[in-house]
Amino acid sequence: MSFPAQLPIPPEVLKIAKTLEHAGFETWCVGGAIRDNLLDQPNHDFDLTTSAPPQEVQQLFKRTVPVGIEHGTVAVLDANNQPHEVTTFRKDIQTDGRHAVVEFGVSLMDDLARRDFTINAIAYHPIRHEWRDPFQGQQDLEKKLIRSVGDPNWRFQEDYLRILRALRFSARFEFRIHARTLEAAKANAQGLAQLSAERVREEWFKGIKTAKKVSKLVGLWKDVGATRIWLPELAKDYDAAAVDKLPRDPALISAYLAKDPASLLTRLKCSNKDIERGRAIGQWRDKYPEAKDHAAIRRWLSATGEYADDLLALLPRSAPLHKAVLSVREKNPPLALKDLAVKGDDLIAAGVRPGPDVGETLARLLDEVMEDPSRNTKEYLLSRV
């Protein structure tokens, strides 16, 4: 692999770079977009790194957002309100494995030296079309290799999340992790316990969405020891082929893999909605109805409610239940009390005592209707009161 003569830099990014350069500040494109361009992968916006201090960036551009100004990052908004991150050259001077104190006023080389992996430490000058690759990231892209910049133990101890990033990149690109880097990841895995649940969840979910095979990602997390710390509910045995065929829904896949889905999703501080999805999956995944029993399917749809589609997604697409549920749903049968042809007031008018008796009677009538939807007429239901 050789560096192309030029990269297709978006006009908005080039305009920002030219403004900074004309003001006397050295500016380079860095980050994932550089790597992904070299791999012919879909890529997002180009990040910029510059010698300009954050305050100078804010003065040069009318519309900015201080998204991480303590770490030197300012988002510059273009004419379409799209943000483009501009970060001052920096190096870490202190870190606790979660947060870093950075120093500005350093060189591009210093900035690249603090990055996590060689494939992410490549810089491109968008105006002069020059390349900087001091850590042989280009060679590692060619070798399909994830390798730390410098000493991997130091890199991981600066920010333990980098361990999980290594696993994500390996699963996404199907790259091998360099032996020393992998050894250091395993040796420092206990440091993952210091991370916030939100950062771990974001990395786990992002990994699920981007991995070529989710089973590969899970295997890497297990191998390094990350599951023991953050995903202890993961089942020891699972069908790798099945998990790779699931929709790339991180909460759904996490629930599928877990013995106690709600507990795992709670630990990762997922949304209440996703936790409830996990709870329903844990409760119902061993209680599917027979595809030939439409009455049982109606009761199952009634009981599982909004979570029925999640449960169906866990089954192979060829499973007969998919077709059977579609057939039942096409007839739009009554599945909830609100679907009944009678209401509570109708029952009271028919002589049912107000209070719990009304609810019990409605539930009994719904059960009859789910057995045979043709019974859902006001006349029939009142005759059963």
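## Close-up views of a predicted model

**View 1. The largest nonpolar core.** Of the 90 residues in the largest nonpolar core of this predicted model, those that touch the most other members are I34, L192, W204, W221 and W230; a nonpolar core is a set of buried Ala, Val, Leu, Ile, Met, Phe, Trp, Tyr and Cys residues joined through side-chain atoms within 4.5 Å. Helix α7 (residues 161-173) gives this core its largest share, eight residues, where helices (H or I, at least four residues) and strands (E, at least two) are DSSP runs, numbered from the N terminus. Buried means under 20% relative accessible area, exposed over 50%, and partly exposed in between (1.4 Å probe, protein chains only).

The model is predicted, and local features need pLDDT of at least 70, side-chain atom pairs count only at pLDDT 80 or more, and totals for chains, interfaces and linings use all residues. Residues are numbered from 1 along each chain as its sequence is written, and side-chain values use heavy atoms, with hydrogens and water left out.

**View 2. A salt bridge between D36 and R172.** The side chains of D36 and R172 meet in a salt bridge (3.1 Å, N to O), a term for a side-chain nitrogen of Lys or Arg within 4 Å of a carboxyl oxygen of Asp or Glu. Because D36 lies in helix α2 (residues 32-38) and R172 in helix α7, the pair ties together parts that are 136 residues apart in sequence. D36 counts as buried at 4% relative accessibility, and R172 counts as buried at 15%.

**View 3. A salt bridge between R299 and E371.** Here the side chains of R299 and E371 meet in a salt bridge (2.9 Å, N to O). R299 is partly exposed, with a relative accessible area of 29%, and E371 is partly exposed, with 39%.
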